[in-house]
Amino acid sequence: MARIGFGFGGNTGQEAGEDAVVGGGAEARPLGFIEIKEGKTTYKPIRDPWVSVLVPLTGGLLAGAAILRCLARRGRR
């Protein structure tokens, strides 16, 4: 299982004597695989390791900022 994308673009040039420019690109990213074990098939997703790191880290930073804000408000009262 994969996600595949591609794109192309170009420009004919605005002035006389300018060269046309053409470009393109493609990407294929694996999403998962199908495991066949003991007569059963199971889809196994391939997880991005950065998601496993950044989501908890971002949540922790937001929680820490909220706690500091609450403590600062309490200190002003």
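This is a predicted model: local features need pLDDT of at least 70, side-chain atom pairs count only at pLDDT 80 or more; totals for chains, interfaces and linings use all residues.
Student: Is R29 buried, exposed or partly exposed?

Tutor: The relative accessible area of R29 is 46%. That value lies between the limits of 20% and 50%. R29 is therefore partly exposed.

Student: Which residue forms a salt bridge with R29?

Tutor: A salt bridge needs a side-chain nitrogen of Lys or Arg within 4 Å of a carboxyl oxygen of Asp or Glu. For R29, the closest N and O atoms of the pair are 2.9 Å apart.

Student: How far apart are the closest N and O atoms of E35 and K44?

Tutor: These two residues form a salt bridge. E35 is partly exposed at 28% relative accessibility, and K44 is partly exposed at 31%. Their closest N and O atoms are apart by 3.9 Å.

Student: What pattern does the protein chain follow along the sequence?

Tutor: The secondary structure comes to one helix and four strands. Read along the sequence, the pattern is β-β-β-β-α.

Student: What is the radius of gyration of the protein chain?

Tutor: The globule rule gives 11 Å for 77 residues. The chain is well over that, so it is more spread out than a compact globule. Its C-alpha trace spans about 70 × 60 × 10 Å along the principal axes. The radius of gyration is 25 Å.

Student: What share of the 77 residues counts as buried?

Tutor: Buried requires under 20% relative accessible area. The chain exposes about 7,300 Å². Of its 77 residues, the buried share is 3%.

Note on methods: Residues are numbered from 1 along each chain as its sequence is written. Side-chain values use heavy atoms; hydrogens and water are left out. Buried means under 20% relative accessible area, exposed over 50%, partly exposed in between (1.4 Å probe, protein chains only). Helices (H or I, at least four residues) and strands (E, at least two) are DSSP runs, numbered from the N terminus. The radius of gyration is taken over C-alpha atoms; the globule rule is 2.2 Å times the number of residues to the power 0.38. Accessible areas come from the Shrake-Rupley method with a 1.4 Å probe; for residues, only the protein chains shown count as cover.
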